Amino acid sequence: MLRIRCPFCGDRDHAEFSYGGDASVERPPLDHDSREDWYRYVFVRANPKGRHREYWQHVHGCRSWLVVERDTGSHAILGVESAAGSLEPARDG
Amino acid sequence: MPRSEREWLQSALAGRYEPGVRATDAAPGLSLREIVDWDLVQLAAWRGRDDELAGHIGSVLGTARPAPCTGVDADGLELLAVAPLRLWCVAPAGDPRLARLADSLDAAVGCVTPLGHSHARVRIGGPAARALLAQEIAIDLDPAACASGRIARTALHHVPVLLQCRDAAAGVFDLYLPRSFAASSWEYLLDLAEAHGYKLHPRAGPDSMA
Amino acid sequence: MKYSAWQLFRQALGGHRGWTEAWRKAEPKAGYDVIIVGGGGHGLATAYYLARNHGITNVAVLERGWIGGGNVGRNTTIVRSNYMIGGNTPFYEWSMKLWEGLSHELNFNVMFSQRGQVILGHSADQMQAHLRRANTMRAHGIEAEILDRRAVQRELPYLDYSQRARFPIHGAIVQRRAGTARHDAVAWGYARAADRLGVDIIENCEVQDFAFEGGRITGVETSRGTIRADRVGLAVAGHSSQVAQRAGIELPIESHVLQAFVTEPIKPLVDHVVAFGAEHFYISQSDKGGLVFGGDLDGYNSYAQRGNLPIVERVAEIALALAPCFSRLRLLRHWGGVMDMTMDGSPIIDRTPVEGLYFNGGWCYGGFKATPASGWTFAHTIANEAPHALNACYALDRFRQGHQIDEAGTGPVPNHH
Amino acid sequence: MGEQPARLADGGRIDRDDRRRFTFDGRAVSGLGGDTLASALLANGIHLVGRSFKLHRPRGICSAGVEEPNALLTLRGGARREPNVQATVAELWDGLAVTSQNRWPSLALDAGAIGGMLSRLLPAGFYYKTFMGPTRRAWMLYEPAIRRAAGLGRATREPDPDRYERRQAFCDVLVVGSGPAGIAAALAAGGAGARVILVEQAARCGGQLLAEPVASEAESWRSARLAELAGLDNVQMLTRTTAFGLYDGNVVGAVERAWDHVAEPPPGQPRERAWTLHCGHVLLATGATERPLLFGDNDRPGIMLASAVRRYLHDFAVLPGRRAVVVTDNDSAYPTARDLARAGAAVTLVDTRPRAPAAAGEALAGERVKLLCDGRVERVEGRRRVRALAVTHADGRTRLDCDLVCVAGGWSPNVHLASHLGGRPEYRATLDAFVPGALPAGQSAAGALVGEYATAAAIDSGWRAGLAAAGAPVTDPPFAAPATGALPPGPGPAPRPQPGGRGKVFVDLQNDVTAADVALAWREGYRSVEHLKRYTTLGMGTDQGRTSNINGLALMASLRGEDIPTTGTTTFRPPFTPVALGALAGRRVGRQFRPERRTPMHDWHAEQGAEFVRAGPWLRAWYYRDHGADVDRAYVAEMRQVREGVGMVDVSTLGKIDVQGPDAAEFLNRVYVNGWLKLPIGKARYGVMLRDDGFVFDDGTTSRIGEQQYFMTTTTAEAGPVMSWLEFLLETAWPELRVQVTSVSDQWAGIAVAGPKSRRVLAAALPGVDVGDDSLPPMGVRDAECGDGLPVRLLRVSFSGERAYEVYTPSGYGRHLWERLLEAGRPFGLAPYGTEALGGLRIEKGHPAGPELDGRTTLDDLGLGRMARDKPFVGDVLRRRPALTAGDRRALVGLQPLEAGEPLRAGALVFPHGQPNEGHGIGHVTAATWSPTLGHDIALALVERGPGRHGETVTVASPVHGEAVTARVVAPVFIDPDGERIHAEV
């Protein structure tokens, strides 16, 4: 059971979040016209065994999108920050 | 609110609400009540403008912005910090301050979204209140971890709800249920409540105790 | 040594001391014509068909641990060919045809049980989708039936037909030839049959790197030394990204964990493979008597061969929504397998940008049922340095071109397939 | 036989005043309160309780706990029937009905035993080598018989009448196990102020202490410490609760058998409760399990684990046999021999070691126990109950008459939970056993689990671990450890006695795996531990091989000529002991399986006889029974009503999103394919969104309400995903945009009023609201308030192609507005319609919907390509990939049969006319309906090069129905192609 510390809501249960996939791939600017770059962004994954930066949305909580750093081998959560950046730091639930 | 509106208004729990006692022994462990005659508007600031929003709140209500996941009560009008950049203002229906908060918000700071019809609100008290909630909600409700005034948006059997701890000592909580799910979630809560026995009180306004 | 009832009888007289190794414990040679990396079902099947169909017998299968230790030994053993989208339908039907002769082909009883798969429908819309699937199968000469609610109740009386059902059963699509097989036996059967054709099966031999010469692969570096090879085929689903990376190949794949569940053994209760229609869930009963079932992925990248409680609970909820009489049955074990999840839910069997290096992976949920056809077509692709007609659609480059084979229609989100 | 002949006159933790009757295979017997089913059976002298899985050998009770491999029984009956219950775990209640399993016609004479006689033909894995002929489908002939033979007990086919619950709990320290170590740990952590939960799977706390006499120092220690625990209000004790799994985040799954020890739970109370325990620290004190010895016919009833026998003596006051032989390879069985003798049994102790160590010897000082050293079991006599044992020993060979054999082969710590998270147990040679390997932060282990077998040592390790877990400074225990009659296994293990003697040597009793099977697996090359397990099924039983794993491993290790750690160990999987699916599901069963979404007008639909259809979580009115006996009659009437007069439909399920901000227009312009910068206030526009990969995601109408406020609608199905997608873009891709999006789906009720009379209905229903075409032209939007104050939002949009309006009002007023419209509409013949008619109407107009937006279609496929503007928008780049722009893609067309009577159905396939209907064809029908306007079936289809085929004839086939209809490809707009009817009024 993953427990994710939402920067706004605090320590919350797995069931409140939805997974958003790899956060390390950089989204090209909207007007960036390279099909190859968009292809790589949408389809190609490093899929590391170990540290993985990934998106989660606190969909049943404050609905913030978060960037979670998690070990894909042990499931240990190493860090959580808000995707938009501008929130106050993680606080206790 | 005007008489006509009362007649038009229909609770999401209509047809599923029969006050009375359901308990095997004399002492029901739960006291349940639907809270009615209240209104809700959401104030949201553009990113980076939340301090101005706080200022706006202060100027209208003379209260400071609540810390994340808490609520403050400005004599009857509750401000709930439900999400980054967002506040829910909950007050008895017709409280003029809601309109003032909404109308006087500078469009350069943020925006207003009326949400008064989007939830049903139920109050849960009694010795078994925490036990009932703990059947579904994975949040530590121990008074040490969840003090009076604390709020949490969380999940109740797949449904996003807002849980508010009104009185940690007495163990009284409010649940805001999304309107379209409310009837179903209510039926589910009553089913869970059977294990504890409950008294369902007649509907009443926000200031009524459980 | 040929397996048969007679052989069993003869060996019994000798106290079963005469049985020989199912496959040799081969030592790596200096080099091979073809090396298959990965001693799972697909790798072993590929080696077998290389020898059987293409006469290429100087082949080694290199397995990091013990053969059959990956998903072939962890899955819920369902075999079906009820696919709807172009490319999938003929491929999985060819696999089904191979399954139907597999025990004979391998002289190893893989217990392929064609007990039929029933996929329920819970709304008019869903029954329309089932109808398109059934019609597509029929038009490919694959038997398929549509059952109405009454017919389903006649065949599966223990499901929930009561008023309390949250998702009432409207009907079902049925493939009678679908069923289950004994998963370990598939790996062991292919290993034994390949071994008899001269293939070296080398366990406890981990491939750590690849050797190249002028952009062409020349061999592999293993925990047991360097081994030369003209061609190398990767069949390491679950860890494809990890292995391919060492050959400098990027993949449209994420690794996700899928859990499987088994109850205590009981006398026969579930006679088909049954799939719930309102959420992802499938169940059958093993010959030993346990109900074997599974549901959704845990839903986040993982290389841990274990799952978490939310899926355990969800799967139990669905089991009871399907059949309330399962409630008092006890869960005996649950475990996880690591899936290659591709961006369209379909596999990849193709050459790679590296000359002499071939890739087979991205099996998502579909790996077990595909084992024979996967081995058959991958062997063809390696032997002829070009794909077989059946796997041409499973090209590595299809995403760049837009040829997604998206049976679920959920787009490039691996954990939604 | 008298009542409970094997019950001792005194002692035990049973209630002698509480006599409980039960039946075993119909035979009426009795036990006492506090008995397990096993202790009650033994009290009645019953050892033979079952037949083995494969060979149908007679089997007895072997243990006193969850490690029991043999005594699996069926409890209760009817809907509450439960197979495979361990007699050693089940508590006895008055009126319990128990039946044995896997035998026919009776336990005493079992036809299946014939299979046992053929056992030479049934070695491990025999089924892989035969059953392959005569035909390719031969297995289908053999399988049914094999399935019937396998499978232990029979399950009920009736729904479970009992309730189950889930419960979340949080604690600083969870202690698993209430033996000496667990009790000390809980006291230490609780005393230090931590929030502690202590779980014990049995009904009584104490673990190994329960094997001590009731009149003993150990017992007084136990009761004193438990009293202290009960006095700490920060310590919660859960008995009958099994921690079944350790999961990520230090979450422990536990199941409490709250009311499973009575015939039926009290009203409202759950039979079982599944706990999700969120723990700061998990302290494992799960103890150890005794191992049996390997010798010929070691499975005979009457052969029991020595520690279990001592437990039966002292916890249940049951003497399982009067002539006992204790066979051991270590010290821990000596107390059993001593206590059996004290209880009046004639006892011989056979020690496999050359001589008994001093400590052990002392235990027997002054007792009438015959001691034979350097002993080996040669032969076991007796089938349904052990009768005699032939042993060789230092002084020769002896035949020992007996009715009870206690075996002691050392101990295996219960490392299961410690390895659920993948941690490999590590072998400790001094213990000849596996103990937990390095545990992650937040987890620790104590007591016998880490090899501290002596009571005092266990207590000490538990105390220290408890303090550490609570983060308190480590001190010595405030209480002295009690002297007990127990003995640790002793200094180092003796060399394992090699299996010998005549008869089958059983390693795994439940799965009938013998030493010969292990040797066969080795011979055939199944030598890795996992291959051994899978090939022989060793340790795959419901007992998870608690008593067999190490013995099997040791055999394989010696065959491989390696030590045990090199040979390895298999991984332990949750659950620790089997868990009822019902407990895991809790109350999420039946109608409560998933929550339902209902519109504000739901109850009205129900009252007016609507049939409902499920759309995801939503319940929607499908059609109204008043309009026709079945859906096909009703929807046609409802469609006609809309085309000819006026109808209304509940569209509250549409996703509604409030989009506000100075950059709202720019935001919409990026997420939709079409242009949004110039949309004036008071106007609505149809928009389509793509996914990043260029396929169509969703569509809907979005209106500009104010300077920087928009009202977006989405499809019912994609409302949630669209909302999350917009939030994702705003928070990760374009945080600079000043935009806020809020779901208002539940804030607004929505009603579509459609038909040539719709405007007049609105005018009548909404007094004081100008609904004239000047103020509300097509695609016009207005917020208004009726004269009586009812707020409404009006959109002039049409899905049906008729003059139509969407009327929104705050959802609390939804039913009122619905009834008000109905009332005002009565003179105009207004009638409600359901989703089936809604679908039919849109097919007649060729509007793409769910079946076409299937996640595989592009803008061009849907004929919407012209909407795309020359500006950057989401999905624009990848939609230009070759395969998405290829000319042969399937695109939207209409189909109509050449013969008016012929049926078209969704799910049919489209083939070129006059060619065989084989393969995927050139397309498929996505939606079909009877068109009352045209008087025949019409359909929408996705067909290769569709637009280029208008006028072509094709075959529309549904092989499942044996149908092949000749149809003409037409434009996907069947009525009013010029769109004049949206102005029409009558």
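Chain B and chain C have no contact. Their closest C-alpha atoms lie 11 Å apart.

This is a predicted model, in which local features need pLDDT of at least 70, side-chain atom pairs count only at pLDDT 80 or more, and totals for chains, interfaces and linings use all residues. Residues are numbered from 1 along each chain as its sequence is written, chains are lettered from A and ligands numbered from 1 in the order in which they are written, and side-chain values use heavy atoms, with hydrogens and water left out.

Start with chain A. Its secondary structure comes to one helix and six strands. Here helices (H or I, at least four residues) and strands (E, at least two) are DSSP runs, numbered from the N terminus. The order from the N terminus is β-β-β-α-β-β-β. The C-alpha trace of chain A spans about 45 × 30 × 20 Å along its principal axes. Chain A has 93 residues, of which 54% count as buried. Buried means under 20% relative accessible area, exposed over 50%, and partly exposed in between, with a 1.4 Å probe and protein chains only. Take the contacts in chain A between residues at least 6 apart in sequence: 48% of them join residues at least 24 apart.

Now the backbone. Most residues other than glycine have a negative phi, and most peptide bonds are trans. In chain A, A:Asn47 has a positive phi, near 50°, and is not glycine. A:Asn47 sits in the loop between helix H1 (35-43) and strand S4 (51-57) of chain A. With 1% relative accessibility, A:Asn47 counts as buried. C:His16 is not a glycine, yet its phi is positive at about 60°. The loop that holds C:His16 runs between helix H1 (5-13) and strand S1 (31-37) of chain C. C:His16 counts as buried, at 9% relative accessibility.

Chain D supplies cis peptide bonds. One joins D:Trp104 and D:Pro105, with omega about 0°. D:Pro105 is in the loop between strand S7 (96-99) and helix H2 (113-117) of chain D. Another cis bond runs from D:Pro574 to D:Pro575, with omega near 0°. D:Pro575 belongs to the loop between helix H14 (564-567) and strand S29 (579-580) of chain D.

Back in chain C, look at C:Val72. The residue is found in the loop between strand S2 (59-62) and strand S3 (78-79) of chain C. C:Val72 is buried, with a relative accessible area of 9%. What does C:Val72 contact, leaving aside its neighbours within four places in sequence? The partners are C:Gly40, C:Gly41, C:His183, C:Asp184, C:Ala187 and C:Phe368. C:His183 is 111 residues from C:Val72 along the chain, but their C-alpha atoms are separated by 5.9 Å.

The arc is that of the directions from the helix axis to the C-beta atoms.

Helix H20 (residues 758-765) of chain D has D:Ser758, D:Val761, D:Leu762 and D:Ala765 buried. Seen down the axis of H20(D), these fall within an arc of 100° and so line one face of the helix. They pack against strand S38 (748-754), strand S40 (791-795), strand S41 (804-810) and helix H21 (814-825) of chain D.

Finally, a helix pair in chain D. The axes of H11 (residues 515-523) and H12 (residues 529-536) of chain D come within 10 Å and cross at roughly 120°. Axes are lines fitted to C-alpha atoms, for helices over the stretch in contact, and angles run from 0 to 180 degrees between N-to-C directions. That angle makes H11(D) oblique to H12(D). Angles under 35 degrees count as roughly parallel, over 145 as roughly antiparallel, 65 to 115 as roughly perpendicular and the rest as oblique. In H11(D), D:Asp517, D:Val518 and D:Ala521 meet D:Leu532, D:Tyr535 and D:Thr536 in H12(D).

How values were computed. Contact means heavy atoms within 4.5 Å.
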